[in-house]
Amino acid sequence: MNVAGRLPDLAAGGGGRAAAGATPRRRAQARTAMQARLMLAPAVSVLLVWMIVPLALTLWFSFQRYNLLRPATGFAGLDNYTYLLGGHDLWRSIWNTVLLVGGVLAATIVFGTLTAILLDQPLIGRGILRLLCIAPFFVMPTVSALIWKNLLLNPVTGLFAWLAHLVDATPIDWFSQVPLLAIGIIVAWQWIPFATLILLTALQSLDQEQMEAAHMDGAGPLGRLRYIMLPHLARPISIVVMIETIFLLSVFAEILVTTSGGPGSASTNLPYLVYKTALLRYDVGGASAGGIVAVVLANIVAFFLVRSVATSMER
């Protein structure tokens, strides 16, 4: 029997059977993928309509000369954008937004890390302390702003004013002298619990044997914090920064309740500028142009944030 002559035929036959077996498998995978797309289609369609229709209307109104007191519309071209970009309010609101977001991020990362490290220690009543530290995150922004405005930062009846009188100091009128700082304190108070929760969860996954080995090698608390804890928290911190930035770019209720963007435009950020232009000046066209500018800036920030988070996750 010519076995050598039959080997190519056997190989060809085996390859054909393998290919025949792979074809039904591919068909099943394609069918499963198609079914998944069909099941996702209603939700994705609603989400696209919910996002694209308002964005398209905002873009259309940004090229219209439309005032709520004079509803007659007309094509304005780039006049709304020219007026907006040439004014002082836009650049001041962008700068205030950068200061507010950057300051709150710095405060939440620093105090969130310290609080997470503290709550990770074996303390008496640690469960109650964790609950109390996380509770401010679940308070509505309007409620927290009213609490800080009337009970804590009020220059006459607030807690801080009472403490200032105890040491014969002049109370600070927070919302008149340092309005942006006051709003930053309120917003940071709301978001520090979120950072604490994420970082505390990350700390609980830290290898305790590594910490004990570092302690036995003579590493002090600062050394363990610098060379073990902070590198371990790098990825969670980047995720916290990305999530918080997305939400901090749209801070509105705290400004509306406390300062109304004032004094002047000292505490006006981009969302409040859009609100003020549309509902206080009744200029829908100008407000729509401001909204488009805010969307473009937010997408630029989101692009770099996603890239930085992806880079940190690959390390």
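Mentor: H3 passes H11 in a right-handed crossing, meaning the near helix is turned clockwise from the far one by less than a right angle. Keep in mind that this is a predicted model, where local features need pLDDT of at least 70, side-chain atom pairs count only at pLDDT 80 or more, and totals for chains, interfaces and linings use all residues. Residues are numbered from 1 along each chain as its sequence is written, and side-chain values use heavy atoms, leaving out hydrogens and water.

Trainee: Which residues of H3 and H11 make the contact?

Mentor: From H3, they are Val101, Val104, Leu105, Thr108, Ile109 and Thr113. H11 brings Ile237, Val240, Val241, Glu244, Thr245 and Leu248. Contact here means heavy atoms within 4.5 Å.

Trainee: How do the residues of that contact divide into nonpolar, polar and charged?

Mentor: Eight are nonpolar, three polar and one charged. Ala, Val, Leu, Ile, Met, Phe, Trp, Tyr, Cys and Pro count as nonpolar, Asp, Glu, Lys and Arg as charged, and the others, Gly among them, as polar.

Trainee: New topic: how many helices and strands are in the chain?

Mentor: There are 14 helices and zero strands. Those are DSSP runs numbered from the N terminus: helices are H or I with at least four residues, strands E with at least two.

Trainee: And why is the chain called more spread out than a compact globule?

Mentor: Its radius of gyration, taken over C-alpha atoms, is 29 Å, well over the 20 Å that the globule rule gives for 315 residues, so the chain is more spread out than a compact globule. That rule is 2.2 Å times the number of residues to the power 0.38.

Trainee: What box do the C-alpha atoms fill?

Mentor: Roughly 110 × 75 × 30 Å, along the principal axes.
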